[in-house]
Amino acid sequence: MSELDLQQFNPGIDLALEAKELAEAGGKGPIPGVLSDVSEDDGITITRLEVTTEEGSRLMGKMIGHYVTFEVPELRKQDTGLQDRVATKLAQEFATFLERINISKTAKVLIVGLGNWNVTPDALGPIVVENALVTRHFYELMPNEVAPGYRNVSAIAPGVLGITGIESSDIVQGIVDRSKPDLIIAIDALASKALERVNTTIQIADTGIHPGSGIGNKRRGLTKEILGVPVVAIGVPTVLYASTIVSNSIDLMREHLKKHANNADNFLGLLDSIDENERLQLVREALGPLGHDLLVTPKEIDQFIEDIANIVASGLNAALHEAVDKDNVAAYTH
């Protein structure tokens, strides 16, 4: 297989890193037009991707732009020291990210926390907004009293279509038209294809965001083309598909049988001859008669979502406001 249509196999690939992995597996090699750099810092793996060509965009199923992914598997252990280090690293990387896409240090910022505050796995955006350091009202009411080192920042959690009856993008468009921000930062919960990345991964992208895309909803997004303002998206995978779990379980079973059974081929048959993407499609088709796929989240999601939202909010506060020390944001993570 030389090319891969990602939408055929998995319409819910939110993470650019996972899209790259699938595209490379389908094409059996590196993707033309996609640059990648990986660094590791004491348990924090940072992958920086840049999609530079239309061909790379088509093969990955992702828009041309920059993507930065933090992977921190040990976040599941709720180590406050590690959470502080991740927030600090996020602040430093995000500040560099803004410089790379030419966002000035004086640019006015609107933080948009997408999601449903009544559904825990979808409450990331609203919780980040609750913890964001907002200052726009001071600039409007008492501009001469604002201390140096703070930026003009506002924040909104617009809710979801099922609660408000209004598309999130329409609400944000109205706010943009009135408040005139120079940059929008959209926070949203994502879907992953790997259980180990749920609640342990943070993605930054300068390509905007489409609410509900991770669970198959095709709706009007928050992008520069739609809103007229640059949009940086921050997402955390909080759910994955049941079909993905089944497919991953088949992988584990296959490896186990190969290690412990001499005639593993007799057990596996056709399953051992098809690649991951075709197998995932097969699982989806098997679940099709149920009428829908299931979304799954860990039972500890209540604590996980609070922790990861605090990390994102603390990192943003330090990245956006020079008065907050980017090298030590521990005071802002609890």
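A salt bridge is a side-chain nitrogen of Lys or Arg within 4 Å of a carboxyl oxygen of Asp or Glu. By that criterion, the side chains of Lys299 and Glu300 meet in a salt bridge, with N and O 3.1 Å apart. The structure is a predicted model, and it holds 12 salt bridges. This briefing presents the chain as a whole and then turns to several of these pairs.

**Overall architecture**

- The chain is built with 13 helices and 9 strands.
- Of the 334 residues in the chain, 50% are buried.
- When contacts between residues at least 6 apart in sequence are considered, 72% of them join residues at least 24 apart.
- The chain exposes about 15500 Å², and carbon and sulfur atoms supply 52% of that area.

- Asp42 and Arg85 form a salt bridge in which the closest N and O atoms are 3.6 Å apart.
- Asp42 belongs to the loop between strand E1 (34-41) and strand E2 (44-51), whereas Arg85 belongs to helix H4 (residues 80-100), so the pair ties together parts that are 43 residues apart in sequence.
- Asp42 counts as exposed because its relative accessibility is 54%, and the cut-off for exposed residues is over 50%.
- Arg85, at 32% relative accessibility, counts as partly exposed.

- Arg136 forms a salt bridge with Glu140, and their closest N and O atoms lie 3.8 Å apart.
- Both Arg136 and Glu140 are found in helix H6 (residues 136-141), where they are 4 residues apart, or about one turn of the helix.
- Arg136 has a relative accessible area of 25% and is therefore partly exposed, since that class lies between the buried limit of under 20% and the exposed limit of over 50%.

**Accessibility of the Lys299 and Glu300 pair**

- Lys299 has a relative accessible area of 74%, which means that this residue is exposed.
- Its partner in the salt bridge, Glu300, has a relative accessibility of 35% and so counts as partly exposed.

**A network of salt bridges**

- Salt bridges also link Glu18, Glu21, Glu71 and Arg197 in a network.

Terms used
Residues numbered from 1 in each chain as written. Predicted model: local features only at pLDDT ≥ 70, side-chain atom pairs only at ≥ 80, totals over all residues. Heavy atoms only, no water. Helix = DSSP H or I, 4+ residues; strand = E, 2+ residues; numbered from the N terminus. Buried < 20%, exposed > 50% of the residue type's maximum accessible area, 1.4 Å probe, protein only. Contact = heavy atoms within 4.5 Å. Areas by Shrake-Rupley, 256 points an atom, 1.4 Å probe, with all protein chains shown as cover.
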